[in-house]
Amino acid sequence: MNYKEKKIVFFGTPEFSMPTLKKLVDNKYNIIAVVTQSDKKIGRAQTLQETKIKQLAKSYNLEVIHDLNKLANFLVKEKPDLGIVVAYGDFLSEKILKQFKVGCLNLHPSALPKYRGPSPIQTTILNGDKKTSVTIIKLDKDMDHGPIVKQKKVKLEKYETADSLHDKLSIKGAEILIKILPKYLKNNIKVKEQDHSKATFSKILKREDGLINWQQTAEEIERMIRAYYPWPGTYFKTIINNQEKNIKIHSASLSKNFDSEIGKLVNKNGQLIVQTKDKSISINSLQIEGKNIMSAKEYINGYLK
RNA sequence: CGCGGGGUAGAGCAGUUGGCAGCUCGGCAGGCCCAUAACCUGCAGGUCGCCGGUUCGAGUCCGGCCCCCGCAA
């Protein structure tokens with residue numbers, strides 16, 4: 001049987017999964033179903049919205065499954081060869097994994113065994129790493145634990161945000177996966193066990209993780225702003241017109257030290273400066289709760305008269 | 001009807017008990033200066049989101065509608 005006729009089930013949910021699914025379709029792999037999370041209520045209107053992958057799958061007329069019981073029956077019936085899992089968003093049980101003749105491949109945006117878990121991209125930037133990797137592993141019964149099929153290094157730009165790195169890794173990951181897939185399907189590739197003693201973990205991010213503690217160093221805060229952009233965002237609380245408001249910082253850079261009051265936004269020669277534990281940072285763009293994003297200059301004009 | 005903030009000059013904002021619509025920045029013109037994003041002088045720029053109501057008089061009070069945004073998901 002031609003390797004391109006082998007039955008593949010794709011698992012994915014958000015934007016990160018899209019380049020891989022696109023490439024699989026472009027390269028005419030035999031995708032028999034796409035598994036994704038169920039529709040979620042989204043936005044102020046609370047309307048039900050399909051996941052990015054569901055939208056894409058539908059545009060390709062692929063069968064979409066989100067019910068895991070249905071999936072179990074489907075797998076028993078179809079006897080698929082391979083599962084490809086890219087940011088599916090849920091743990092797959094061993095029972096499901098066993099249904100695939102050659103197992104399931106997973107694309108993970110970090111240099112495994114470093115940063116297993118749900119927020120590897122953010123953690124990479126938060127820790128100030130200069131480089132990372134995309135890693136393809138064969139899934140086993142533990143989270144991000146399986147043997148490495150392929151790993152490729154990726155350099156970070158100096159001002160890399162989680163957003164830009166996310167896009168970069170999703171595309172790079174898709175390319176690598178497509179490249180190794182023929183070999184893998186022909187059983188022509190060696191896998192390598194992870195060095196489990198070196199495993200580290202990234203945590204699930206919550207909104208509160210983005211709350212700035214100005215007692216941290218300027219470098220830590222600047223990295224946090226890039227790591228948590230655009231989600232969960234980096235913010236602090238302040239009083240505007242006698243109301244407590246959150247201010248989200250979209251972009252900032254390290255600045256020379258101005259030695260002003262810690263955590264207070266001040267105008268220094270047209271720059272919007274805030275003092276941290278050690279040095280100052282210069283805010284480039286920010287957003288007050290309820291307002292549109294604005295530049296530092298606009299904030300100074302409107303709020304720091 | 002999930003909760004909340006907002007719509008005033010090109011941008012960001014203020015506008016008190018209803019009584020000549022303002023501030024900072026930007027724009028234009030001129031000046032100063034070796035020079036400037038600095039400084040000085042002057043000018044232009046508004047359907048106060050839309051519709052209706054109350055009033056001698058509404059940015060402001062009342063009713064309805066449209067739009068933007070934060071939280072939540």
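Around RNA strand B stand 21 residues, and the closest of these are Arg44, Gln46, Gly290, Lys291 and Glu298, where a residue is near a strand if one of its heavy atoms lies within 4 Å of it. This is a predicted model, in which local features need pLDDT of at least 70 and side-chain atom pairs count only at pLDDT 80 or more, while totals for chains, interfaces and linings use all residues. Residues are numbered from 1 along each chain as its sequence is written, chains are lettered from A and ligands numbered from 1 in the order in which they are written, and side-chain values use heavy atoms, with hydrogens and water left out.

**The surface near the RNA**

- Of the atoms of RNA strand B within 4 Å of the protein, 64% belong to sugar or phosphate, and the rest belong to bases.
- By class, this surface near RNA strand B has 3 nonpolar, 8 polar and 10 charged residues (Ala, Val, Leu, Ile, Met, Phe, Trp, Tyr, Cys and Pro count as nonpolar, Asp, Glu, Lys and Arg as charged, and the others, Gly among them, as polar).
- The elements that give two or more residues to the surface near RNA strand B are strand 3 (40–42), strand 11 (243–255) and helix 8 (296–303), and helix 8 gives the most, with 5 residues (helices, H or I with at least four residues, and strands, E with at least two, are DSSP runs numbered from the N terminus).

**Helix 1 and helix 2**

- The axes of helix 1 (residues 18–26) and helix 2 (residues 52–59) come within 10 Å and cross at roughly 15° (axes are lines fitted to C-alpha atoms, for helices over the stretch in contact, and angles run from 0 to 180 degrees between N-to-C directions).
- That makes helix 1 roughly parallel to helix 2, a term for angles under 35 degrees.
- The contact, meaning heavy atoms within 4.5 Å, is made by Met18, Leu21 and Lys22 of helix 1 and by Lys52, Ile53, Leu56 and Ala57 of helix 2.
- The residues of this contact divide into 5 nonpolar, no polar and 2 charged.

**Backbone features**

- Most residues other than glycine have a negative phi, and most peptide bonds are trans.
- A cis peptide bond joins leucine 112 and proline 113, with omega about 15°, and proline 113 is in the loop between strand 7 (104–108) and helix 5 (120–126).
- Tyrosine 115, which is not a glycine, has a positive phi of about 60° and lies in the loop between strand 7 and helix 5.

Terms used
Parallel < 35°, antiparallel > 145°, perpendicular 65-115°, else oblique.
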